[in-house]
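Could you walk me through this model in the viewer, one selection at a time? I would like to know what to pick next and what is there.

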Amino acid sequence: MKPETKSRLKSVSLLIIVGFYLFAGANHFIDPDFYYPLIPAYLPWVKPINVISGVAEIALAFGLLYKPTRRISSVLIILMLIAFIPAHIYFIQLGGCVHEGLCVAAWVAWARLLVIHPILIAWVWWHRE
């Protein structure tokens, strides 16, 4: 692959991942009821956790846009994704369905944890420089 093609691909990929986290973060405020049942029942303060998650996703998305903050934003997104692992495990324990909310096949819940989550981590790691 030519260097300019790789550079263009990486630029487009960066914009996509920024858009992904901006949308995900904003959705915590647009549809908070979607997230509440996904937060493990053993965690207190469901609403503040949702707000903090949304703010973090938005702030870190903007941090990816600027070279001086891109590396720290990438690392913090990875740490955030690791912090979300208990929610994925909780969702698996619920059989992929939450009361009056998201319901997917159990294999989809597993795929989110074992496939999608590592891809998201690798994707943001690729953009750390």
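Start by selecting F34, which is partly exposed at a relative accessible area of 31%; here buried means under 20% relative accessible area, exposed over 50%, and partly exposed in between, with a 1.4 Å probe and protein chains only. Keep in mind that this is a predicted model, where local features need pLDDT of at least 70 and side-chain atom pairs count only at pLDDT 80 or more, while totals for chains, interfaces and linings use all residues. Residues are numbered from 1 along each chain as its sequence is written, and side-chain values use heavy atoms, leaving out hydrogens and water.

How many aromatic pairs does a search of the whole structure find? It finds two. Rings of Phe, Tyr and Trp (its six-membered ring) pair if their centres lie within 6.5 Å; planes under 30 degrees apart count as stacked, over 60 as edge-to-face, and the rest as tilted.

Next, select F20 and Y21: their ring centres are 5.0 Å apart and the planes stand at 85°, so this pair is edge-to-face. F20 is partly exposed at 36%, whereas Y21 is buried at 1%. Back at F34 and Y35, the pair is edge-to-face, with 5.0 Å centre to centre and 85° between the planes.

For the last stop, show C97 and C103, joined by a disulfide with 1.7 Å from S to S. A disulfide here is a pair of cysteine sulfur atoms within 2.5 Å, and the count comes to one. The torsion about the S-S bond of C97 and C103 is about 40°, so the disulfide is right-handed. C97 is partly exposed at 28%, and C103 is exposed at 51%.
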